[in-house]
Amino acid sequence: MQLSVCTISFRHQLVSIDHIARWARRSGFDGIELWGIHARGLASQPQYDAQWLKAMGLEISMLSDYLPIVGDRVVARQKCDLMYAMAKHWETPKLRTFAGQVASQLVSRPERLAMTHRLREICQAAQGHGLEVLVETHPNTLADTPASVLQLLEEVDHPALKLNFDTLHVWEAGVDPTCFHRQVAAYVAHYHLKNIQSREQLTAFAPENVYSPAGTRQGMVSLFEGALDYQVFLKTLMGDSTKSASLEWFGHDVRETLLKDKALLDDLRCRVYPPEMVC
């Protein structure tokens, strides 16, 4: 499994992309998941591109943004065109988005039809640029429950539509991630890995909290120390070099936590797949 760090983990720190990339390479990561707002901020510095990263043995595993599937069509097209261009600049085939910002059970049928139609249009345009659109499994979106995820895949019905399988949020929906993964594995193009100390603290990942510099980080814990047991789920993925995942850490002590989790993931890989690994 290819493992990336997320630039969003450094969102409240004064750290350059050059520093993050060199640290990631020294630390043995395979790539970087680039947050859309960071990609836009780097647009005026074209020397930072895919070739620069490749020279360090890294790649942009995914460009993570928020494509508008509601609202003005012209504004949405402009935003999407910008992200397609940035994906080309960084030579990444994966563009992450959310399926709206309202819980699936609160969306009316006409609203859902309009949203899925827009998402299909986005997928069609993205496919023309050689891109896949990864909808993230996430609360308060059309991908917030297994049933709604499956419905969304059927409604959009486009080969460019894939899933960013946020394992914790699948668990948050009340299902076993390993079981649901079997149903949607063919659509999964990337994984987000994070954990929480208890189910009662999941609100720490609410957007209004997690993006705020003053937000609480209470309950955010290292990958193997939380309420979700990752052992079984990850054992099915670790030996597959075609799989890609990001350690999505939002708490304090960014470098220390990411290094700790990577070391534990490496140890798990060695224990599960000793013939293929030099440990």
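This report covers aromatic pairs, cavities and salt bridges in a predicted model.

## Aromatic pairs

The whole structure holds ten aromatic pairs. One of them joins Phe165 and Phe233: the ring centres are 5.7 Å apart and the planes meet at 10 degrees, so the pair is stacked. Phe165 belongs to strand E6 (residues 161-166) and Phe233 to helix H10 (residues 230-235), so this contact ties together parts 68 residues apart in sequence. Phe165 has 0% relative accessibility and counts as buried. Phe233, at 3%, also counts as buried.

Phe233 has another ring partner, Tyr191. Here the centres are 6.1 Å apart and the planes stand at 65 degrees, so the pair is edge-to-face. Tyr191 and Phe233 are both buried. Ring pairs join Phe165, Phe180, Tyr191 and Phe233 into a cluster.

## Lysines over rings

Two lysines lie over aromatic faces. Lys194 is over Phe205, 5.4 Å from the ring centre. Lys262 is over Phe29, at 5.9 Å from the ring centre.

## The largest cavity

Four cavities of 30 Å³ or more are found in the structure. The largest has a volume of about 170 Å³. Its lining counts 20 residues, and the closest to the cavity centre are Arg96, Phe98, Tyr211, Glu248 and Phe250. Strand E2 (31-35) and helix H9 (207-210) are the elements that give two or more residues to this lining. By class, the lining has ten nonpolar, four polar and six charged residues.

## The second largest cavity

The second largest cavity has a volume of about 100 Å³. Its lining consists of Arg73, Ala76, Arg77, Cys80, Tyr84, Arg118, Glu121, Ile122 and Ala125. Helix H4 (73-90) and helix H5 (109-128) each supply at least two of the lining residues. H4 gives the most, with five. The lining has five nonpolar and four charged residues, and no polar ones.

Two residues of this lining, Arg73 and Glu121, also form a salt bridge with each other, with the closest N and O atoms 2.4 Å apart. The bridge links Glu121 in helix H5 to Arg73 in helix H4, 48 residues apart. Both ends are partly exposed: Glu121 has a relative accessible area of 30%, and Arg73 is at 46% relative accessibility.

## Other salt bridges

The count of salt bridges comes to 13. Among them, Arg112 and Glu155 meet at 2.8 Å, N to O. Arg112 is in helix H5 and Glu155 in helix H6 (residues 146-156), so the pair ties together parts 43 residues apart in sequence. Arg112 counts as buried, at 8% relative accessibility.

Glu248 and Lys194 form another bridge, at 2.6 Å, N to O. Glu248 lies in the loop between strand E10 (244-247) and helix H11 (254-272). Lys194 lies in the loop between E7 and strand E8 (195-196), 54 residues from Glu248. Both Glu248 and Lys194 are buried. Salt bridges with shared partners join Arg40, Asp65 and Lys79 into one network.

Glu248 is among the residues closest to the centre of the largest cavity. Lys194 is the residue over the face of Phe205.

Note on methods: Residues are numbered from 1 along each chain as its sequence is written. This is a predicted model: local features need pLDDT of at least 70, side-chain atom pairs count only at pLDDT 80 or more; totals for chains, interfaces and linings use all residues. Side-chain values use heavy atoms; hydrogens and water are left out. Rings of Phe, Tyr and Trp (its six-membered ring) pair if their centres lie within 6.5 Å; planes under 30 degrees apart count as stacked, over 60 as edge-to-face and the rest as tilted. Helices (H or I, at least four residues) and strands (E, at least two) are DSSP runs, numbered from the N terminus. Buried means under 20% relative accessible area, exposed over 50%, partly exposed in between (1.4 Å probe, protein chains only). A charge sits over a ring if NZ of Lys or CZ of Arg is within 6 Å of the ring centre and within 35 degrees of the ring normal. On a 1 Å grid over the protein atoms alone, a cavity is a set of points where a 1.4 Å probe fits but cannot get out, and a pocket is an open set with protein on both sides within 12 Å along at least five of seven lines; lining residues have an atom within 4 Å of a point. Grid points are joined across faces, edges and corners, and a volume is the space filled by probe spheres set on the points. Ala, Val, Leu, Ile, Met, Phe, Trp, Tyr, Cys and Pro count as nonpolar, Asp, Glu, Lys and Arg as charged, and the others, Gly among them, as polar. A salt bridge is a side-chain nitrogen of Lys or Arg within 4 Å of a carboxyl oxygen of Asp or Glu.
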